[in-house]
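Visitor: I would like a close look at one part of this model, with the cut-offs stated.

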Amino acid sequence: MDVVMVLGLVACFIAAALTVPAGFGLATMTTPIFLIWFEPHQAIAGVAIVHGAHNAIKAQMLRQHIDKKALRRFGWALLIGAFIGALLHLVIPSDPLLLLVGFALVVLPILKVSERWSKIQLPEAEDRIGGFGSGFMGGLTGHQGALRAMFLQPRLPDKSEYAATAAVLALVVDMTRIPVYLWNDITVLTDQTLLLLAFVVVALIGARLGKRWLEKWKRDDIQKGIMVGLVLTGFIYIREALMALSSA
């Protein structure tokens, strides 16, 4: 096991722990790591598998805090959006897909911050739009959390309820998009099987540490740090994609 791989696994472990109290960010923080070993389509599929395992254990650990009313408001639109986004993911070439991921990483955190500045309280009827939008972005690029948080967090001020419900909603997206990804290309499971398994294991362990942090750390501080990282990563992706497209 080389140094880069060890650092990647450590980074995944930390990201998995941080995103339990934050409520989002695992896919965004681990996608750059996966891009070291996989091309963009494979990376998004691999991250989806890690993301799904992480959300499954979060939902299990926090199951007593799940808000079923929020699930009903978001769930069906989320599923439809995830399926449509995953289908589009199959037909978009790698460089434009990386560009879309980059824009998502820049725009979604800005939307989240602007929502705080404006103090806008979105009506509950708009949860269907938020559900569809976050599901669509999750299926297309793997980055669903910031948009979902913009709609979900004002409804669930309790940290545990928010974390538990967000985990279930994210799992709905993961369970929708993963079969579509693998139906198109199963090589993410066969090319680097042990590496993918290692990422799943450290993500599950990280989730258990994150549960301890849920009550101790301020969620807002973690989210701010994650969003800064998202925006910086997004600009890097945009630069790389534009360079690749311009030289093609």
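Which helices each supply at least two residues of the lining of the largest cavity?

Guide: Four helices do: α2 (26-34), α3 (40-61), α7 (145-152) and α8 (159-184). Helices here are DSSP runs of H or I, at least four residues long, numbered from the N terminus. The model is predicted, so local features need pLDDT of at least 70 and side-chain atom pairs pLDDT 80 or more, while totals for chains, interfaces and linings use all residues. Residues are numbered from 1 along each chain as its sequence is written, and side-chain values use heavy atoms, without hydrogens and water.

Among those helices, α3 gives the largest share of the lining, with four residues. The cavity in question is the largest in the structure, at about 110 Å³, and the structure holds four cavities of 30 Å³ or more. A cavity is a set of points on a 1 Å grid over the protein atoms alone where a 1.4 Å probe fits but cannot get out, and lining residues have an atom within 4 Å of a point. Volume is the space filled by probe spheres set on the points, which are joined across faces, edges and corners.

The lining of the largest cavity consists of 18 residues. Those closest to its centre are Phe 24, Gly 25, Leu 26, His 51 and Arg 148. By class, the lining divides into 11 polar, five nonpolar and two charged residues. Nonpolar covers Ala, Val, Leu, Ile, Met, Phe, Trp, Tyr, Cys and Pro; charged covers Asp, Glu, Lys and Arg; the others, Gly among them, count as polar.

Methods: 1 Å grid on protein atoms, 1.4 Å probe; cavity = no way out; pocket = protein on both sides within 12 Å on 5 of 7 lines; lining within 4 Å.
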